[in-house]
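My entries follow in the order I made them.

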Amino acid sequence: MIDKCPRCNVKVDKNLSNCPLCGSYIERNEEDQETPLDAIDYGYPKVRKGIVVREIAFRVFLYACLISIGICFLVNFLAANRIFWAYHILFGWAVFWCTLGRSLFFHLDFRKQIFWYSVFASIICYYIQTMMYGKFIVTESQNWALIWAMPSFFLGGIAILFIYMLVEFKDWVRLTMPLTAMCLVTAVPAIIASVMYKQVHFMIYICLGVGVITLLLMMILGREKYFLELKKKFFL
């Protein structure tokens, strides 16, 4: 801002308080005055309180995770027990960081959360089943995690993403990749069942069929936009 001297009409820079020609004092309003040096904040940008709290919580959970795992493995080793229970703690923390921890501390997008929750829910069911029967490979009648739990979680994930896509129809392209991933993993139960039991349960067929139909619908209705999103995803 440039003012004029009231006496000689010479232009005076805002940083000067006197006219450079005649030396007259230049009067200015308080809002036109330059900000005092004491009012200038030369420190680092202020960080929001929520970010600070989340960072502290992240460090607390991380240290608690590492310390608890270390103590449990040490106690289990020193006890010389044949029952190795420390890996339960390791598995529990792994599930926490891959599900709730990712959402709380790393701002995982909602569309990606649905996919990962469905996958890890299936893994948890397999873990519970293994603990119940004491072995990973069980008969078809005992394998409820593969036949019922895994297809149910995948179908639920597809349904949530598909409904969300209909609600947010203007932004449906953002949901195509997570939904594509959900449709592709529906083939996993069918592959496992065919390898382990040489046959596939009808619940697994339903899950696979829904995945294939949903994928075909996106290809047919989405057309160029869907395939363009695929190319972006795989940098083609």
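I began with the contacts of Leu 179, leaving out residues up to four places away in sequence. Leu 179 touches Ile 158, Leu 161, Phe 162, Met 165, Thr 214 and Met 218, where contact means heavy atoms within 4.5 Å. This is a predicted model, in which local features need pLDDT of at least 70, side-chain atom pairs count only at pLDDT 80 or more, and totals for chains, interfaces and linings use all residues. Residues are numbered from 1 along each chain as its sequence is written, and side-chain values use heavy atoms, without hydrogens or water.

I then looked up the cores. A nonpolar core is a set of buried Ala, Val, Leu, Ile, Met, Phe, Trp, Tyr and Cys residues joined through side-chain atoms within 4.5 Å; buried means under 20% relative accessible area, exposed over 50%, and partly exposed in between (1.4 Å probe, protein chains only). The largest core has 32 residues, and Leu 146, Leu 179 and Met 218 have the most contacts inside it. Two or more residues each come from α3 (110-133), α4, α5, α6, α7 and α8 (224-233). Helix α4 gives the largest share, 9 residues. Another core, of 6 residues, lies apart from it and includes Cys 65, Ile 69, Trp 93 and Phe 105.

I checked the element list next. The protein chain has 8 helices and 2 strands, counted as DSSP runs numbered from the N terminus (helices H or I, at least four residues; strands E, at least two).

Which residues of α6 are buried? In α6 (residues 187-197) they are Pro 189, Ala 190, Ala 193 and Tyr 197. Seen down the axis, they fall within an arc of 100°, so they line one face of the helix; the arc is that of the directions from the helix axis to the C-beta atoms. Ile 191 and Val 195 are exposed on the other side of α6. The cover over the buried residues includes α4 (144-167), α5 (176-185) and α7 (202-222). Lys 198 follows α6 and has a positive phi, near 60°.

Last, I looked at Leu 166, which is found in α4. Leu 166 counts as exposed because its relative accessibility is 53%.
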